[in-house]
Amino acid sequence: MAMNSQIEQLGRRLNKTLEDIDQQASKWVARSLDKHLSVGITGFSGSGKSTFITSLIHQLKYSNHAHLGGFLPARDERLLGVKIQSLDDLPLFEYQQGIQALADDPPQWPPSTTHISGCRLVIEYKKKNILPTFTGETRRFTLELRDYPGEWLLDLAMLQQDYRQWSIDTAALCSKGIRQELAEDLLENLNALDPLAVFDEQQIEALYVRYRNFLQTCKTAGLTFIQPGRALLPDSEDFQVFIPLFNLQTLSEHQLNKASDDSLYKVMQQRYKSYLKEFVQPFYKTFFRGIDRQVVLIDVLKALSGGKEKFDDMVIAFSRIIDSYHVGNNAFLNRLFSPQVEKILFLASKPDRILMNQHEALRRLCDEIISHICPQSVRNRIEIETEIAAAVRSTHDHNDHLTARLLDGQFGELRHPPIPDQLPDSVQWQQLSQWKPPVLRAPVNPDLLIGGRLAHIRMDKVLRDLIGDKF
Ligand SMILES: Nc1nc2c(ncn2[C@@H]2O[C@H](COP(=O)(O)OP(=O)(O)OP(=O)(O)O)[C@@H](O)[C@H]2O)c(=O)[nH]1
Ligand SMILES: [Mg+2]
């Protein structure tokens, strides 16, 4: 009897120990199965990054009503919950403010970004498995997202150039086409400066203000390639201002090197170097560190509607940024498409401004643009996809026209020329340059604050391409 109870006790203890081991093992396995991805959302100012991130978080958080048929974990209702946490070293991405703005009546768009921010989404989901696994059904996947002002991206290409080369390139760019028209007498004044003269703070301050206004005019006119990008941001006074010198070709490198330390050239060169060191390099360190996948948003429709020169300007701006990677001798630049980046998803943003029957043409056009701006060496090494997606669908489609509310609240019909599925020919450019895709008002949707559906286009395909393989 005593022997029996001892055996029972031993059995119970053994069971308990096995349970403990099982629990520990489950925890350990669960932890090791926890998955993690860091996704960089990149693109020029106004391409739709912050709105995209806000929508992406909302679609994941309320996936059961989000119409995400193309993203299987959501379609199968396996997403159990999403927690938003801040990233250790960054201010929290303002998802709640973005949703609040979209839920207002009249709705507002999330404000243009002035500082870098980020968040970690902790997504609890049920593993797709008919048999119960010994780790239990719930798993966890963490997704890191980062947002930044698009202007910062423009400065990436500057890391590639010294001050002299940057000045010469900028002078060449400004001496033709739309820029030349917009610059008016600023070009003459810049041309008249003697690089070897003694630096005069007041004179350069005044010229900088005019140069900055010129850059702002270029942006408003629809040009993309604007440097330094930070000059367009409210906190631009944080750095010691510099301007490009337009007549450096007249002096040899030797003459420039010999210039005295208080010369205009040397002071501008010094400030250019400090700008890169203090602002541009740290940004890339923070933003591109540990990025696994990239989403690159491109407002293809805006570029199309401005005419060939503005379109080419955007393509050049992208190429310069991607080229800077191509040269590959700069540790910071390597991060943009470092070997760690396994996938880039190029997205034509805001396709709700055209008819649905034109979406495939837009996607193909985007494909064509990417084949121009993305060198073969990158395309062969990294998985590249192109898609189109509207973070916040703001139109109704009636087959031959759209209806929508404009930013000023007016409701009306929208029509547009056919969207070419490859780079436009001269006839198509003529049609397209008559077209101005309007800035729209987001649909009224106060329910967003209680998890209401945020209408979108193909955000499910984006989620599938971006993180679908992780569930
Ligand atoms: N119709 C439509 N408009 C959109 C959509 N997403 C963004 N927009 C418009 O594009 C503007 C810019 O979007 P943002 O998300 O602020 O762009 P961003 O890339 O974050 O810009 P920066 O913060 O300046 O770098 C918004 O104010 C809207 O007018 C969309 O899905 N559909
Ligand atoms: Mg933004």
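Student: How do the residues of the shell around ligand 1 divide into nonpolar, polar and charged?

Tutor: Happy to go through it with you; keep in mind that this is a predicted model. The shell around ligand 1 is made up of 10 nonpolar, 10 polar and 3 charged residues. Of the 23 residues around the ligand, the ones that come nearest are Lys 49, Thr 51, Ser 112, Thr 113 and Gly 150.

Two of these names return when we turn to the polar contacts. The side chain of Thr 51 places a polar atom 2.6 Å from an oxygen atom of ligand 1. For Lys 49, an N or O atom of the side chain is 2.8 Å from a ligand oxygen. Ser 47 takes part through its backbone instead: one of its polar backbone atoms is 3.3 Å from an oxygen atom of the ligand. As for how well the ligand is covered, it would expose 650 Å² if taken alone, and the protein buries 91% of that area. The space that ligand 1 takes up is also the largest pocket.

Leu 223 is 83 residues away from Gly 306 along the chain, yet their C-alpha atoms are separated by 8.6 Å.

Notes: Residues numbered from 1 in each chain as written. Chains lettered and ligands numbered in written order. Predicted model: local features only at pLDDT ≥ 70, side-chain atom pairs only at ≥ 80, totals over all residues. Heavy atoms only, no water. Near = heavy atom within 4 Å. Polar contact = N/O pair within 3.5 Å; in protein donor to acceptor, adjacent residues only side chain to side chain. Areas by Shrake-Rupley, 256 points an atom, 1.4 Å probe, with all protein chains shown as cover. 1 Å grid on protein atoms, 1.4 Å probe; cavity = no way out; pocket = protein on both sides within 12 Å on 5 of 7 lines; lining within 4 Å. Sits in = over half its atoms within 2 Å of the grid points. Nonpolar A, V, L, I, M, F, W, Y, C, P; charged D, E, K, R; others polar.
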